[in-house]
Amino acid sequence: KTYSVAVIPGDGIGPEVIRESLKVLKTVEEIHGGIRFTYDTFDWNCAYYLKHGRMMPENGLEILKDYDVILFGAVGDPSVPDHISVWELILPIRREFQQYVNLRPIKLLRGLESHLRYKNHEDLDFIVVRENTEGEYSSMGGRMHSNTPHEMAVQNNVITRFGSERILHYAYQLAEQRSKQRLTVATKSNAINHTMTFWDEIVKEVGADYPHIDTELYHIDALAAYFILKPETFDVVVGGNLFGDILTDLGAAMVGGLGLAPSGNINPEKNYPSMFEAIHGSAPDIAGKGIANPIAQIWSVSLMMDHLGHPDLGKLILDGIEEVVAEGEVRTPDLGGNAGTESMGNAIVSKIKEL
Ligand code: NAI
Ligand code: MG
């Protein structure tokens with residue numbers, strides 16, 4: 001089977017970590033004789049913007065739409081405002097290709113200590129499913145009464161039955177595949193009385209299709225506290241766009257930081273490409289030094305293999321990452337070592353070949 005991959009390395013450390021993740025895909029081809037990847041690389045980044053006045057060509061989405069998957073590094077450079085670089089490249093891809101699931105594992109690798117020092121790695125192993133297309137990140141709203149004491153801004157939170165049902169079905173089906181058979185749902189219906197009560201109703205309806213899954217509904221403020229106090233009780237956590245965004249940065253901090261945090265922007269129906277990217281940005285402060293941690297990007301490739309229907313290979317990649325981290329000999333500075341991006345990538349590749 002051959003998979004077509006559109007690669008968008010982006011800016012800063014994006015290309016540095018993408019390079020290591022492509023080595024891992026090459027290793028996958030070597031191990032599994034039946035899988036091939038073909039690549040096309042697109043230079044859509046801030047330099048492209050400065051030259052062409054846009055982050056991608058006018059027909060950029062048209063170009064991307066027939067690939068099986070998109071591998072994305074990170075964009076952002078001090079020379080271009082962030083609302084342009086991020087909003088005009090990543091968000092159109094997520095929306096146009098109906099990548100309505102943002103999947104973010106929160107898992108503490110063996111050999112690492114959490115900031116929650118009283119928790120060990122078995123206690124921190126769950127996955128957050130964030131709604132990726134609607135909710136609070138709608139552009140609907142406006143400003144009024146400017147230059148008066150009553151100046152105000154309104155931004156609508158868009159919750160649709162369609163959008164909520166599909167994300168909840170996805171989350172329940174993911175929970176069915178995991179050990180605890182539990183789904184934790186973020187809400188705030190005690191205070192947000194239109195959208196969140198509607199969301200709660202849909203949770204009840206969809207949940208009726210999964211009677212064997214234990215559903216827990218928590219208000220977001222309490223849930224944030226439970227992330228810290230009892231993370232071992234979670235298995236799959238689902239939330240809207242804003243709550244999911246905040247919870248996953250909290251989760252990333254609990255398990256070692258941005259250098260380790262992967263994500264998948266997934267279109268489960270596979271009628272458009274899904275996109276895999278580290279959660280972190282282009283890290284201008286360390287770009288060009290060759291010290292970025294490539295794990296977040298390599299782990300994203302592991303999620304990509306799961307999505308393509310090869311969970312065994314996804315697990316193999318994650319096992320390789322975890323083994324290298326646990327041995328502790330090769331670590332980038334963010335993990336307290338002095339290895340560079342390339343040695344870290346090479347160590348993971350050798351480990352995958354060994355396993
Ligand atoms: P950032 O994630 O780039 O960096 C935050 C901190 O984490 C920095 O100190 C950085 O050195 C460190 N860090 C990040 N990734 C690392 C890695 N792999 N290894 C070691 N350390 C790592 O976030 P920041 O600084 O707020 O944003 C920088 C640029 O990236 C901005 O232009 C921003 O808009 C953009 N950005 C892009 C994203 C994307 O492409 N999806 C996501 C987040 C930010
Ligand atoms: Mg974020």
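How many residues surround ligand 1, and which are the closest? In this predicted model, 22 residues surround ligand 1, and the closest of them are Gly 76, Gly 259, His 280, Gly 281 and Asn 293. By class, the shell around ligand 1 holds 12 nonpolar, six polar and four charged residues.

The protein itself is divided into two parts, domain 1, which covers 1-98 + 269-355, and domain 2, which covers 113-254. Their C-alpha centres lie 26 Å apart, and the contact between them joins four residues of domain 1 to four residues of domain 2. On the side of domain 1 that touches domain 2, one residue is nonpolar, one is polar and two are charged.

Helix α1 (residues 14-31) packs with helix α12 (residues 341-354) at an angle of about 15°, and their axes are 10 Å apart. Because angles under 35 degrees count as roughly parallel, α1 is roughly parallel to α12. The crossing in which α1 passes α12 is right-handed. From α1, the residues Glu 16, Val 17, Glu 20, Lys 23, Val 24 and Thr 27 take part in the contact, and they meet Thr 341, Glu 342, Gly 345, Ile 348, Val 349, Ile 352 and Lys 353 of α12. The residues of this contact comprise five nonpolar, three polar and five charged.

The residue classes are set out below.

| Side of domain 1 that touches domain 2 | one residue | one residue | two residues |

Methods: Residues numbered from 1 in each chain as written. Chains lettered and ligands numbered in written order. Predicted model: local features only at pLDDT ≥ 70, side-chain atom pairs only at ≥ 80, totals over all residues. Near = placed C-beta within 6 Å. Nonpolar A, V, L, I, M, F, W, Y, C, P; charged D, E, K, R; others polar. Domains from an automatic or database assignment. Contact = placed C-beta atoms within 7 Å. Axes fitted to C-alpha atoms, helices over the stretch in contact; angles between N-to-C directions. Helix = DSSP H or I, 4+ residues; strand = E, 2+ residues; numbered from the N terminus. Parallel < 35°, antiparallel > 145°, perpendicular 65-115°, else oblique. Left-handed = near helix turned anticlockwise from the far one by under 90°.
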